[in-house]
Amino acid sequence: MGDDVAMVASGESELVVPDSPVMVEDEPAGVVSPSEVPVKTEEVRRKVVRRVPTRRFFGVIDLEGDGAKSEDELQDFVAIEALERRRSAALAVAADPKGSAGKRKRAAVTEERKEEEDGEERVAKRRKQQPGAVLLDTGRIKTMVTATSLVNLRPMMYLSACMRWGAGPSMGVRRGACAVALLDESRLLVLGGNEGLSTVGTTEVLDFTVHPRRMAFQPGPRLSSQRRECAVIPLDRTRLLVVGGYDGSHFLNTTEIVDLVTLRVSPGPRMIHRRAAPAVAVFQGIGRILVVGGKNAFGCLETTEVLDIRAAALEFKPGPSLRMQRAGPTAAPLDGNRIMVLGGHDSSRTHNTTEVITVVDPGVRSPRLAVSPGPLLATPRSYFASVMLNAGNLHVIGGHDGYNYLDTTDVLNLSSMEFTTGPSMRKRRFMCAATAIAEDRVVVLGGTDVSIDHNSTEMLSLPTYSFMPAPWMTQC
């Protein structure tokens with residue numbers, strides 16, 4: 001490149017540099033950078049020695065001559081360094097044909113496997129369930145007298161994941177987000193719901209004492225308002241209370257009372273807040289109905305309301321606030337003075353948590369209620385139905401787990417919070433309704449499966465067994 005600059009590649013040609021050249025990565029102290037070289041004049045001429053910061057090339061720049069020539073020499077050095085970097089990269093690719101693309105592919109596969117393993121682990125943690133069959137204590141005792149002794153027997157209900165739901169009678173209209181309650185020992189009433197975007201204000205009555213093949217729904221009384229996502233609970237032996245819901249345009253704070261004898265509908269007390277998809281349960285020990293959670297135009301709710309059903313004038317009063325917002329939960333009485341609230345969702349997730357609401361001082365006129373955290377559920381659920389099979393065993397049916405519409409069922413032991421996997425339904429049912437129509441029979445009605453609202457029902461029969469000593473045992 002001329003007499004002013006001599007450059008060589010190490011190991012490739014004769015080196016023309018000072019006696020003891022040194023290779024360094026950074027500029028040594030006291031050496032002037034080319035950018036710092038002052039403009040040269042005819043009177044002042046300086047020689048600047050620069051050690052090139054590269055492992056492959058080094059040399060000496062003699063800035064004798066004009067400034068333009070020195071600038072060209074520096075550009076040459078930059079170009080040579082760039083070529084060397086490209087050469088190094090090409091050699092690396094030749095040594096590893098897969099190169100970084102292969103590494104990225106292997107990393108992606110590893111990451112995918114890790115996500116699958118994490119997903120399986122999450123599912124396992126969320127569903128710590130016991131498959132197979134289980135015997136459920138009905139809580140009753142049956143006494144039998146034999147020739148030699150008096151025997152006390154405990155009837156046990158048999159439930160297995162291998163059991164099948166049977167098809168029940170079809171309702172007159174499709175009903176997603178409906179509610180159901182027993183009218184008496186032989187009839188049930190299904191209320192409200194929706195068919196697509198249309199909210200329903202009708203009801204239907206089913207006599208379930210006849211043979212299943214002859215069961216048929218009959219029209220029932222019409223509600224004063226169209227209601228979907230409402231709740232219903234017995235007010236006393238002759239009346240039902242229908243609570244809240246959504247009429248297609250507004251969230252409701254109204255209630256209606258259904259007379260079980262005449263099947264007439266009359267207005268009930270207004271709630272403090274508008275609510276759709278709440279849960280309701282009753283404190284039998286103090287005669288109070290508890291309305292829990294739900295949602296309205298402002299979002300999901302953590303508030304509760306209490307109704308004294310023994311008072312002369314029915315009026316809702318504020319109850320304790322839950323620890324988190326819960327829309328679409330369910331509520332189950334643990335005893336006369338405790339209610340457990342299960343599942344539901346808020347604006348960001350579906351809950352697997354529970355809360356227990358306890359009557360602190362049941363003896364006073366206005367008992368105080370306290371909220372405490374309960375045990376975790378095996379899997380998150382919202383908008384599901386629940387049926388008390390017997391003392392301490394809650395049948396959890398359908399709903400949504402935050403990802404999928406569910407056709408699964410579980411039996412939850414409320415004392416141990418252990419789940420037993422129940423039989424899967426014939427269809428997925430989100431926002432369905434369910435009730436026990438006999439000690440050993442459960443019916444589930446309506447609900448939604450992604451894009452269609454059901455008018456179908458399903459029934460499950462749970463056989464009951466009693467065990468007593470065999471003849472050879474009594475002889476021992």
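Which residue in S38 is the bridge partner of Met157? The partner is Thr464.

Good morning. This is a predicted model, in which local features need pLDDT of at least 70 and side-chain atom pairs count only at pLDDT 80 or more, while totals for chains, interfaces and linings use all residues. Residues are numbered from 1 along each chain as its sequence is written, and side-chain values use heavy atoms, with hydrogens and water left out.

I begin with the sheet. Strands here are DSSP runs (E, at least two residues), numbered from the N terminus, and two of them pair if DSSP finds at least two bridges between them. Three strands make an open sheet, ordered S4-S7-S38, with antiparallel pairing. S4 (133-137) and S38 (464-465) are the edge strands, each pairing on one side only. S7 and S38 are joined by two bridges.

Next, the interior. A nonpolar core is a set of buried Ala, Val, Leu, Ile, Met, Phe, Trp, Tyr and Cys residues joined through side-chain atoms within 4.5 Å, where buried means under 20% relative accessible area with a 1.4 Å probe, protein chains only. The largest such core has 17 residues, and Trp165, Leu389 and Val444 are among those with the most contacts inside it. Strands S7 (156-160), S29 (385-390) and S34 (441-445) each give it two or more residues. S29 supplies the largest share, three residues. Apart from this core lies another, of 15 residues, including Ala281 and Val371.

Finally, Trp165 itself. Leaving aside residues up to four places away in sequence, Trp165 touches, among others, His395, Ile397, Pro423, Val442 and Leu460; contact means heavy atoms within 4.5 Å.

Definitions and conventions: Buried means under 20% relative accessible area, exposed over 50%, partly exposed in between (1.4 Å probe, protein chains only). Helices (H or I, at least four residues) and strands (E, at least two) are DSSP runs, numbered from the N terminus.
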